[in-house]
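Here is a brief report for a first look at this structure. It takes up the pockets, then a pair of helices, then a hairpin.

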Amino acid sequence: MEVRNCRGCGRLFNYLHGQQLCPGCMAELEEKFQSVKEYLRKNPKAPLNKIAEENEVSVKQIKQWVREERLTFTEESQITLECESCGGKVLTGRFCDRCRTSLQNELNGAIKRPTATLSPKKHTSEKDRMRFLDN
């Protein structure tokens with residue numbers, strides 16, 4: 001177990017994994033996430049700056065939630081992020097649909113799948129057989 005300072009409030013806490021936030025700051029961040037999620041349901045066409053301002057969350061945090069696929073924007077929304085591969089339109093995640101499919105195909109092609117090959121049965125001739133000596 002490791003002890004670290006919380007990036008939100010500066011208090012010491014037992015760090016296990018993930019963001020370097022204490023349980024109190026994590027709970028507060030989760031509440032903000034829920035409020036942003038509810039705000040987006042009611043206002044799907046709201047601009048990103050207004051969403052951040054109304055919910056007292058940074059634009060960077062909202063983008064992080066979208067990259068983590070915790071939030072998604074609708075097709076009618078004017079907010080989009082750029083695909084990390086081609087720069088195309090992304091509504092959620094890090095990659096657009098085309099790049100995601102391409103990456104999946106590349107990864108599937110990189111994995112060698114075992115092929116069920118049966119070796120042909122050898123025809124044994126009389127001279128290839130095992131011999132026993134009689135005493």
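## Terms and model

Ala, Val, Leu, Ile, Met, Phe, Trp, Tyr, Cys and Pro count as nonpolar, while Asp, Glu, Lys and Arg count as charged. The others, Gly among them, count as polar. The model is predicted.

## The largest pocket

Rolling a probe the size of a water molecule over the atoms shows where empty space is left. The largest pocket has a volume of about 290 Å³. Its lining divides into four nonpolar, five polar and three charged residues.

Which residues line the largest pocket? They are Arg7, Gly8, Cys9, Gln19, Gln20, Leu21, Cys25, Glu28, Leu29, Lys32, Gln61 and Gln64. Helix H1, residues 23–42, and helix H3 each supply at least two residues of this lining. H1 gives the most, with four residues.

## The second largest pocket

The second largest pocket holds about 160 Å³ of space. Its lining includes Lys37, Leu40, Arg41 and Pro44. Arg70, Leu71, Thr72, Phe73, Thr74 and Ser77 line this pocket too. By class, the lining has four nonpolar, three polar and three charged residues.

## Helices H2 and H3

Two packed helices are described by the angle between their axes and the distance between the axes. Helix H2 spans residues 48–55, and helix H3 spans residues 59–67. Their axes come within 9 Å and cross at roughly 110°. Angles of 65 to 115 degrees count as roughly perpendicular, so H2 and H3 are roughly perpendicular to each other.

Which residues meet where H2 contacts H3? From H2 come Leu48, Asn49, Ile51 and Ala52. From H3 come Val59, Ile62 and Lys63. The residues of this contact divide into five nonpolar, one polar and one charged.

Strand S1 covers residues 2–5, and strand S2 covers residues 12–15. The two strands pair in the antiparallel sense over four bridges. Glu2 has Tyr15 in S2 as its bridge partner.

Six residues lie between the strands of this hairpin. In the hairpin, Gly10 takes a positive phi near 90°.

Technical notes: Residues are numbered from 1 along each chain as its sequence is written. This is a predicted model: local features need pLDDT of at least 70, side-chain atom pairs count only at pLDDT 80 or more; totals for chains, interfaces and linings use all residues. Side-chain values use heavy atoms; hydrogens and water are left out. Axes are lines fitted to C-alpha atoms, for helices over the stretch in contact, and angles run from 0 to 180 degrees between N-to-C directions. Angles under 35 degrees count as roughly parallel, over 145 as roughly antiparallel, 65 to 115 as roughly perpendicular and the rest as oblique. Contact means heavy atoms within 4.5 Å. On a 1 Å grid over the protein atoms alone, a cavity is a set of points where a 1.4 Å probe fits but cannot get out, and a pocket is an open set with protein on both sides within 12 Å along at least five of seven lines; lining residues have an atom within 4 Å of a point. Grid points are joined across faces, edges and corners, and a volume is the space filled by probe spheres set on the points. Two strands pair if DSSP finds at least two bridges between them.
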